[in-house]
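Let's take a walk through a protein chain, starting with the whole thing and then stopping at a few single residues. Keep the picture open while you read.

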Amino acid sequence: MADRSFLDWPFFDESHRRLAAELDEWCGSELHEHDEADVDAECRTLVRKLGQAGWLRYCVPAAYGGVHERLDVRSLALIRETLARHSGLADFAFAMQGLGSGTITLLGTEEQKRAYLPAVAQGEKIAAFALTDPGSGSDVANMETRVEEADGGYAVNGAKTYISNGGIADYYVLFARTGEAPGAKGISAFVVDAGTSGLSIAERIRVIAPHPLATLRFDDMRLPASALIGERGKGFAAAMATLDIFRTTVGAAALGFARRALDEATARAMTRRLGNATLADNPITQSKLAEMVLDVDTSALLVYRAAWLRDVKGQRNSREAALAKLHATDSAQSVIDKAVQIFGGLGVTHGVPVESLYREIRALRIYEGASEVQKVVIARAHLSEFAP
Ligand SMILES: Cc1cc2nc3c(=O)[nH]c(=O)nc-3n(C[C@H](O)[C@H](O)[C@H](O)COP(=O)(O)OP(=O)(O)OC[C@H]3O[C@@H](n4cnc5c(N)ncnc54)[C@H](O)[C@@H]3O)c2cc1C
């Protein structure tokens, strides 16, 4: 049974405790083992189910069918932690609805908000966030996908890769170079419907924990002027503002995976008998369990501190979100690895939860800013405190 005592921490109010309990119960009855061979169909079903049950309403503001007036990061994080504890794919389906609509929520026109946000909240439109260029990867400011003015609108040429929900999304929030200035100040954001002529799926990408993922190509793709989100040249800032919200929740998903691994390992250690004792009686196993508990608790403190800072203090939380993502994802990897070790041969056997957790956790240390990029963010924030 996963530790629930953290819900009494001062970061939360009664609505958060209720949300965590209700979602946990829903997950127990509604989420089942999924078919890794057909993640597209599984993902579509999960988005519909999460929408019908009302959980996706947390991804959009109340004025567009959501729950809170503005996105409540503590709720998003609690939902991701809980879903991840039950199913990595359910967490993915939820997360992408939030990430793929976040830029519209923050900066979209009234028309864009009405066209996309209610459908995202109901699970009727599948969302995606297309930031990564094949050539520039982590160096987002130097992306090459190019937008030029054409016929009163825009023409787009280039590619985006490792795009979650690529191939099944109904629309993409696209970041591309409009060229107002070199680097970060020459990027703008657009909303692109999946059927837009000139947009194609160049390649589907298979990763160690299967999710819908693709490389998109843009060949003279035409967009109307109304596709622009926010101001021209402010797309990089828009992407970073969106990531500030969702980076904390990547940490929350890692925390959910780690808690599940700790629960599984504890149950196994208490029942596996070797000689006259259980594994849990062995001091070396106890040391592993203690380190796992420490990693889970420190991750939870960092994740919910970052969420609380933004929700309650209304502060920009780039530093705290980076700390939460860095620590929660790196330490979840270590927790899950220890769980696999406690399970022995069974731990690397298909169908055993710690085996799939071992695959699920890896990409979280790479996407939405690799661990090294989080260190850059943290060090810059730290050093700026000391600048004369
Ligand atoms: C499963 C999955 C889902 C994804 N979903 C999306 C999505 O929905 N939308 C989207 O836009 N992108 C998505 N991505 C892309 C992801 O954001 C990129 O993979 C990530 O930004 C790293 O870029 P890259 O793969 O090109 O690696 P590179 O940029 O080539 O980096 C390789 C490695 O270099 C190191 N490194 C990078 N920068 C620095 C630095 N400044 N200092 C020190 N070391 C550094 C890191 O170890 C990094 O892992 C996804 C990726 C994966 C794996």
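Of the chain's 388 residues, 54% count as buried, where buried means under 20% relative accessible area, exposed means over 50%, and partly exposed is in between (1.4 Å probe, protein chains only). Before going on, note that this is a predicted model, in which local features need pLDDT of at least 70 and side-chain atom pairs count only at pLDDT 80 or more, while totals for chains, interfaces and linings use all residues. Residues are numbered from 1 along each chain as its sequence is written, and side-chain values use heavy atoms, with hydrogens and water left out.

**The whole chain**

There are 10 helices and 10 strands in the chain; these are DSSP runs (H or I, at least four residues, for helices; E, at least two, for strands), numbered from the N terminus. The chain's radius of gyration is 21 Å, close to the 21 Å that the globule rule gives for 388 residues, so the chain is as compact as a globular protein of that length. That radius is taken over C-alpha atoms, and the rule is 2.2 Å times the number of residues to the power 0.38. Along the principal axes, the C-alpha atoms fill a box of roughly 80 × 55 × 40 Å.

Now for contacts, meaning heavy atoms within 4.5 Å. Looking at contacts in the chain with a separation of 6 or more, 74% are between residues 24 or more positions apart.

How many side chains are positive and how many negative? The chain has 43 positive and 50 negative ones, and the centres of the two sets lie 3 Å apart. Lys and Arg count as positive and Asp and Glu as negative, with His and the chain ends not counted. Each charge is placed at NZ of Lys, CZ of Arg, CG of Asp or CD of Glu.

Helix 3 covers residues 73-86 and reaches 20 Å from its first C-alpha to its last, close to the 20 Å expected. That expected span is 1.5 Å times one less than the helix's number of residues. Helix 3 is also mostly covered, with 13 of its 14 residues buried.

**Some single residues**

| Residue | Relative accessible area | State |
|---|---|---|
| Isoleucine 126 | 6% | buried |
| Threonine 285 | 5% | buried |
| Glycine 195 | 76% | exposed |
| Aspartate 151 | 75% | exposed |
| Glutamate 368 | 16% | buried |

Isoleucine 126 sits in the loop between helix 5 (110-121) and strand 1 (127-130). Threonine 285 belongs to helix 7 (residues 283-311). Not counting residues up to four places away in sequence, threonine 285 touches Ala269, Leu279 and Ile342.

Where is glycine 195? You'll find glycine 195 in the loop between strand 5 (187-193) and strand 6 (199-204). Its C-alpha is separated by 38 Å from that of aspartate 330, 135 residues along the chain from glycine 195.

The last two are about backbone angles. Most residues other than glycine have a negative phi. Aspartate 151 has a positive phi, near 50°, and lies in the loop between strand 2 (146-150) and strand 3 (153-164). Glutamate 368, not a glycine either, has a positive phi of about 55°; look for glutamate 368 in the loop between helix 9 (353-360) and helix 10 (371-386).
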